[in-house]
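Subject: Structure handover

Hello,

Please open it first, then read the notes below.

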Amino acid sequence: MSLVKRAVLLVSGERYLVLSITLCQTALVSRLLTPEQVGLSMIGVALVQVVDGLRDFGTTNYIIHEPTTSQQSARTAFTVLLALSAFFAVALYASAGLWAQAYGQPLLGPYLRVLSLSFLLVPFSGPLMALMRRDFQFAALMWVNVGTCLTYAVALVGLALLGFGAMSFAWAMVASAAAAVGLSLAVRPEPGIFRPSLQGWRTALAIGGCSSVTTLLNRAYDLLPIFLLGRVSGPDLVGLYGRAQVVSQLPDKMILGSLGAVILPMFAADRRDGRALAPTYIASIGNITVVLWPVALLLALIAQPVVLVLLGAQWLASVPIVQVLALASMLTFPAMLTYPVLLASGGLRDTLTASLISLPPSAALIAAAAASGGPLAVAATQLVTVPLQVGIALWFIRRRVPFSLAAFVGALRISALVTVATALPPLAVVALAGRGFALTIPEGVLAGCGGAAAWLVAMLLLDHPVAGHVRETFRPVIVGLRARAVRAVR
């Protein structure tokens with residue numbers, strides 16, 4: 001497990017660097033562009049992300065999943081990925097005008113044509129990054145992801161300052177895709193995998209077929225509010241909802257994003273070594289919720305000052321949406337584990353079956369809310385749809401990886417206590433302010449710091465396993481400070 005801990009620390013460091021860059025970029029761009037411009041870019045990105053789910057076709061997961069991945073299998077994955085990327089790049093470029101007409105936004109056509117260029121670059125970085133993940137080379141992967149994110153941020157802000165408007169997002173994405181290729185080759189120079197090969201292509205397609213359909217369904221569902229609001233309400237409300245999503249997903253990016261890159265290789269390693277998956281799954285549930293729940297609830301309580309700092313006053317209408325989405329995100333805690341544990345336990349097709357059962361009624365509810373209630377109503381549907389999807393996914397997981405409900409609830413008990421403790425200081429600030437949740441920025445800082453301190457104290461008092469990781473992380477710092485203090489006294 002030391003290898004996994006080191007990987008989690010490296011990925012966490014990467015995620016916090018990426019998150020810091022992203023927050024600075026978001027704060028600047030939200031003040032440079034209007035909600036309508038941001039909304040238009042989100043419609044374009046949403047369309048590309050749906051197509052991207054088919055373009056990848058599970059090839060990167062094929063590299064990680066294969067028990068004996070070699071350069072040969074990486075070459076096969078690259079060949080499949082390159083062919084699919086070229087096909088979808090041409091399809092997106094050719095259909096860009098039709099999408100622009102469908103949404104009544106002429107700028108959407110050139111926007112999608114520029115984004116199609118990035119499809120041709122991804123095959124030259126995706127397989128290399130998948131090999132890094134499989135081999136737990138997270139230090140190298142960290143530099144690739146941070147460099148790619150920094151390139152995107154600099155290009156986006158620079159182009160926005162130059163007056164490119166919504167097109168800034170499209171050209172920044174192309175620049176970041178090019179940076180990913182260069183950085184991947186710099187840290188893992190294996191140009192040999194770019195020689196075309198179709199050996200073992202049936203296995204790649206067998207894994208990729210089910211995986212890509214599942215990814216497509218879930219990605220289309222996640223982006224459904226953007227599509228529907230874009231058609232019914234216009235780009236300005238799309239921008240409002242999209243920016244609320246960015247803020248509400250901060251806990252996910254801070255916590256689950258760090259674990260996501262490690263979880264699939266971790267479960268795959270357990271499967272190859274013949275170890276039971278249930279203990280790792282239950283432990284992961286406890287480790288995720290003890291951080292996700294407190295941070296998401298804290299965000300809901302101090303949403304207004306967070307929006308003021310990150311987005312500016314012109315986005316204050318998104319505060320209620322942020323609060324609802326943040327509360328709903330507390331219910332998503334098993335979602336990140338579903339695909340890795342089912343893939344490792346031989347239940348890959350279960351992921352598709354679970355999506356086919358849970359997504360249609362969820363999509364119908366979102367469509368009704370978008371047509372009649374606007375962004376806040378769409379956000380509120382997650383309080384119903386997320387529990388439905390999580391419950392169905394857990395049913396399939398228990399069939400493949402049996403665990404007792406008592407063990408599952410036990411993993412959540414300490415997390416619930418820590419969450420209650422974390423909420424007490426910000427609730428006290430809210431009560432003393434006397435304006436409901438309309439806190440000022442200083443009051444938000446006070447509430448946030450109080451909640452963070454309460455979280456740490458509760459973790460240590462209840463002796464949660466994550467507290468041990470916190471001690472290990474800060475022990476070298478404490479030892480160093482003690483040594484300096486002793487030398488100063490002498």
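Ser 85 comes first: this residue is found in helix H4 (residues 71–103). Helices here are DSSP runs of H or I, at least four residues long, and strands are runs of E, at least two long, with numbering from the N terminus. Ser 85 is buried, with a relative accessible area of 0%. Buried means under 20% relative accessible area, exposed means over 50%, and partly exposed is in between (1.4 Å probe, protein chains only). A polar atom of the Ser 85 side chain lies 2.7 Å from the backbone oxygen of Leu 81.

Some ground rules. This is a predicted model: local features need pLDDT of at least 70, side-chain atom pairs count only at pLDDT 80 or more, and totals for chains, interfaces and linings use all residues. Residues are numbered from 1 along each chain as its sequence is written, and side-chain values use heavy atoms, with hydrogens and water left out.

**Overall**

The chain has 21 helices and 0 strands. Of its 490 residues, 54% count as buried. The accessible surface comes to about 20,800 Å², and carbon and sulfur atoms hold 70% of that. These areas come from the Shrake-Rupley method with a 1.4 Å probe; for residues, only the protein chains shown count as cover. Take the contacts between residues at least 6 apart in sequence: 84% of them join residues at least 24 apart. Contact means heavy atoms within 4.5 Å.

**Cores**

The largest nonpolar core has 101 residues. Such a core is a set of buried Ala, Val, Leu, Ile, Met, Phe, Trp, Tyr and Cys residues joined through side-chain atoms within 4.5 Å. Leu 108, Tyr 241, Val 247, Tyr 281, Ile 285, Phe 333 and Phe 408 touch the most other members. Helix H12 (residues 278–301) gives the most to this core, with 13 residues. Apart from it lies another core, of 11 residues, including Phe 78, Leu 131, Leu 141 and Val 144.

What is Tyr 241 in contact with, leaving aside neighbours within four places in sequence? The list is Pro 225, Ile 226, Leu 229, Ile 321, Leu 325, Pro 375, Val 378, Ala 379 and Gln 382.

Helix H6 (residues 126–134) is mostly covered, with 9 of its 9 residues buried. Among the buried residues of H6 are Leu 131, Arg 133 and Arg 134.

**Salt bridges**

The structure holds 2 salt bridges. The criterion is a side-chain nitrogen of Lys or Arg within 4 Å of a carboxyl oxygen of Asp or Glu.

One joins Asp 350 and Arg 400, with the closest N and O atoms 2.8 Å apart. The pair links distant parts of the chain: Asp 350 is in helix H16 (residues 348–372) and Arg 400 in helix H18, 50 residues apart. Asp 350 counts as buried, at 8% relative accessibility. Arg 400 counts as partly exposed, at 37%. Not counting residues up to four places away in sequence, Asp 350 touches Leu 342, Phe 396, Arg 399 and Arg 400.

The other joins Arg 435 and Glu 443, with the closest N and O atoms 2.4 Å apart. Arg 435 is partly exposed, with a relative accessible area of 40%.

**Surface patch**

Which residues form a nonpolar patch on the surface? They are Leu 327, Leu 331, Leu 365, Leu 383 and Val 384, with about 390 Å² of accessible area together. Patches are made of residues with over 30% relative accessible area and no salt bridge; like charges are joined within 9 Å, nonpolar side chains (Val, Leu, Ile, Met, Phe, Trp, Tyr) within 5 Å. Leu 383 lies in helix H18 (residues 382–400). Leu 383 is partly exposed, with a relative accessible area of 42%.

Pro 425 is in helix H19 (residues 405–433). This proline is partly exposed, at 24% relative accessible area. Pro 425 and Gly 448 are 23 residues apart in sequence, and their C-alpha atoms are 8.3 Å apart in space. Leaving aside neighbours within four places in sequence, Pro 425 is in contact with Gly 450, Gly 451 and Ala 454.

Pro 110 sits in helix H5 (residues 108–119). Its relative accessible area is 32%, so Pro 110 is partly exposed. From Pro 110 to Ala 100 is 10 residues in sequence and 8.8 Å in space, C-alpha to C-alpha.

Best regards

Note on methods: Polar contact = N/O pair within 3.5 Å; in protein donor to acceptor, adjacent residues only side chain to side chain.
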